[in-house]
Amino acid sequence: MKLYIVATPIGNLADITLRAVNTLANVELILAEDTRVTRTLLEHLNIRKELMAYHAHSRPKEIEKIINFLRSGKNIALVSDAGTPGVNDPGNYLIGQLLKELPELQVVPIPGPNAAAAALSVSGFPSDRFYFLGFPPHKKGRQTFFKDIGETEGTVVFYESKHRILKCLKELKTVAQIGERPILVCRELTKQFETFYRGTAYDIEMALQKNKNNLLGEFVVVIGPKPKKQSLKA
Ligand code: SAM
């Protein structure tokens, strides 16, 4: 009785591990955030498999169904629409609930793509320690989110939607007050229009505004550490 947590591509379909393919081909059931998205991936991989939707709004009745599948000895894979399930995607709540009912359940990671790790890996910023903050809140708590970034000295990684990426860069200047810190904004990682914007919040705001197509797609923001004050001593 195993539950495999399978990472899937964040854009480029070639970014799937051999182990992920084997796992998806060999489990009895795949839990998918959106079955249509996962069906496209499975068609690409030539895998035919029973799919069941599992997402943030799944009800206890559905969790009960999953528990019964596992009790009957079936192995299950959990995938999200893209990347690593459980990282800003449904999964962790389900795992917690399943472990309560089935403490002997083996939860096995099948690691692979993750947008935050991909962005951090090309940032050039210190990554021995970093803060991952998920998405900024849309409304309530948004000011606090950016104020907290202003008080954080180390590398910070977060996700932002195309609808708020320009607003976010402004807030990094005005609310977080980190106009001087180096930033990397990654757009459409691993996809056809993959673009990296490096500079201060102001530089990147200007670059994104140059063309409305620059505001399309998915974004990860990485903020470099606070620059060290130059000593006046020789
Ligand atoms: N679980 C996913 C992972 O492991 O990367 C993250 C899921 S989160 C709901 C989706 C957000 O991740 C997007 O809104 C975007 O901010 C970021 N993201 C996902 N794929 C991306 C890509 N190809 N390029 C840039 N950002 C991406």
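N88 lies in the loop that runs between β4 (76-79) and α4 (92-101); helices (H or I, at least four residues) and strands (E, at least two) are DSSP runs, numbered from the N terminus. The model is a predicted one, in which local features need pLDDT of at least 70 and side-chain atom pairs count only at pLDDT 80 or more, while totals for chains, interfaces and linings use all residues. Residues are numbered from 1 along each chain as its sequence is written, and side-chain values use heavy atoms, with hydrogens and water left out.

**Loop residues with positive phi**

- Most residues other than glycine have a negative phi.
- N88 has a phi near 55 degrees, a positive value in a residue other than glycine.
- With a relative accessible area of 36%, N88 is partly exposed; buried means under 20% relative accessible area, exposed over 50%, and partly exposed in between (1.4 Å probe, protein chains only).
- N46 also has a positive phi, near 60 degrees, and is not a glycine.
- The loop that holds N46 is the one between α2 (35-44) and β3 (51-53).
- N46 counts as exposed because its relative accessibility is 71%.

**Buried loop residues**

- P113 sits in the loop between β5 (106-110) and α5 (115-121).
- P113 counts as buried because its relative accessibility is 14%.
- Leaving aside residues up to four places away in sequence, P113 touches A7, T8, P9, I10, D15, G83 and T84; a contact means heavy atoms within 4.5 Å.
- P113 and A82 are 31 residues apart in sequence, and their C-alpha atoms are 8.1 Å apart in space.
- E188 belongs to the loop between β8 (183-187) and β9 (195-199).
- E188 has 13% relative accessibility and therefore counts as buried.
- Beyond residues up to four places away in sequence, the contacts of E188 are with F193, E194, L216, G217 and E218.

**Ligand site**

- The ligand is surrounded by 18 residues, and the closest are V87, D89, N114, A115 and F219; a residue is near a molecule or strand if one of its heavy atoms lies within 4 Å of it.
- A polar backbone atom of V87 is 2.7 Å from a nitrogen atom of the ligand; a polar contact is a pair of N or O atoms within 3.5 Å.
- N114 places a polar side-chain atom 2.7 Å from an oxygen atom of the ligand.
- For F219, a polar backbone atom is 2.7 Å from an oxygen atom of the ligand.
- The ligand taken alone exposes 580 Å², and the protein buries 90% of that; accessible areas come from the Shrake-Rupley method with a 1.4 Å probe, and for residues only the protein chains shown count as cover.

**Chain as a whole**

- The protein chain has eight helices and ten strands.
- Its C-alpha trace spans about 70 × 40 × 35 Å along the principal axes of the protein chain.
- Of the 234 residues in the protein chain, 44% count as buried.
- Among contacts between residues at least 6 apart in sequence, 69% join residues at least 24 apart.
- The accessible surface of the protein chain is about 13100 Å², and 52% of this belongs to carbon and sulfur atoms.
- The mean positions of the 32 positive and 24 negative charges in the protein chain are 3 Å apart. Lys and Arg count as positive and Asp and Glu as negative, whereas His and the chain ends are not counted. The place of a charge is taken as NZ of Lys, CZ of Arg, CG of Asp or CD of Glu.

Terms used:
Polar contact = N/O pair within 3.5 Å; in protein donor to acceptor, adjacent residues only side chain to side chain.
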